[in-house]
Amino acid sequence: MPAQDKMFSLRIPEKLLNEYREFCEENSINISKRLRKFIERDLEGHRARKLQQQQQIQQQQKNNSGS
């Protein structure tokens, strides 16, 4: 594990964890890498929405100052 990586603890029902672990094993998926991808995808979407909101606000301010 690279030095910059940190541990992340999460609480989920044991049954869900066991089912997901089995799913990952059957499909040769690394659980940590898969969860990292989900987190990254969530953050990318969040950043894009945030940027779009900022651009809309700037456009509104630009339109209001020109009126």
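**Reading the calls in a predicted model**

Q: What makes glutamate 40 count as buried, partly exposed or exposed?
A: In this predicted model, glutamate 40 has a relative accessibility of 33%. Buried means under 20% and exposed means over 50%, so at 33% glutamate 40 counts as partly exposed.

Q: How do you know which class lysine 37 belongs to, buried or exposed?
A: Its relative accessible area is 52%. The cut-off for exposed is over 50%, so lysine 37 is exposed.

Q: Why is the contact between the side chains of lysine 37 and glutamate 40 called a salt bridge?
A: The N to O distance is 3.9 Å. The definition asks for a Lys or Arg side-chain nitrogen within 4 Å of a carboxyl oxygen of Asp or Glu, so the pair at 3.9 Å qualifies.

Q: Where do lysine 37 and glutamate 40 lie, and how many residues apart are they?
A: Both are in helix α2, 3 residues apart, about one turn of the helix. In general, an α-helix has 3.6 residues a turn, so residues three or four places apart point the same way.

Q: How many salt bridges does a search of the whole structure find?
A: The search finds 2 salt bridges. One of them joins the side chains of aspartate 5 and arginine 36, at 3.1 Å from N to O. Aspartate 5 belongs to the segment before α1 and arginine 36 to helix α2, so this pair ties together parts that are 31 residues apart in sequence.

Q: What makes arginine 36 buried, partly exposed or exposed?
A: The relative accessible area of arginine 36 is 43%.

Q: Which residues that line the largest pocket are the closest to its centre?
A: The pocket has a volume of about 710 Å³. Of its 20 lining residues, Phe8, Ile31, Ser32, Leu35 and Arg36 are the closest to the centre.

Q: Which helix supplies the largest share of that lining?
A: α2 does, with 8 residues. Helices α1 (14–26) and α2 (31–66) each supply at least two. By class, the lining has 12 nonpolar, 3 polar and 5 charged residues.

Q: How do you know whether the span of α2 agrees with its 36 residues?
A: At 1.5 Å a residue, α2 should span 52 Å. Its end C-alpha atoms are 53 Å apart, which agrees. For α1, the 13 residues reach 18 Å from the first C-alpha to the last, close to the 18 Å expected.

Q: What does a side-chain oxygen of asparagine 30 reach at the start of α2?
A: The oxygen comes to within 2.9 Å of the backbone nitrogen of serine 32. The cut-off for a polar contact is within 3.5 Å, so a distance within 2.9 Å meets it.

Q: What makes tyrosine 20 count as buried, partly exposed or exposed?
A: Tyrosine 20, in helix α1, has 23% relative accessibility. Buried would need under 20%, so tyrosine 20 counts as partly exposed.

Note on methods. Residues are numbered from 1 along each chain as its sequence is written. This is a predicted model: local features need pLDDT of at least 70, side-chain atom pairs count only at pLDDT 80 or more; totals for chains, interfaces and linings use all residues. Side-chain values use heavy atoms; hydrogens and water are left out. On a 1 Å grid over the protein atoms alone, a cavity is a set of points where a 1.4 Å probe fits but cannot get out, and a pocket is an open set with protein on both sides within 12 Å along at least five of seven lines; lining residues have an atom within 4 Å of a point. Grid points are joined across faces, edges and corners, and a volume is the space filled by probe spheres set on the points. Helices (H or I, at least four residues) and strands (E, at least two) are DSSP runs, numbered from the N terminus. Ala, Val, Leu, Ile, Met, Phe, Trp, Tyr, Cys and Pro count as nonpolar, Asp, Glu, Lys and Arg as charged, and the others, Gly among them, as polar. The expected span of a helix is 1.5 Å times one less than its number of residues. A polar contact is a pair of N or O atoms within 3.5 Å; within protein, one must be able to donate a hydrogen and the other to accept it, and residues adjacent in sequence count only if both atoms are side-chain atoms. Buried means under 20% relative accessible area, exposed over 50%, partly exposed in between (1.4 Å probe, protein chains only).
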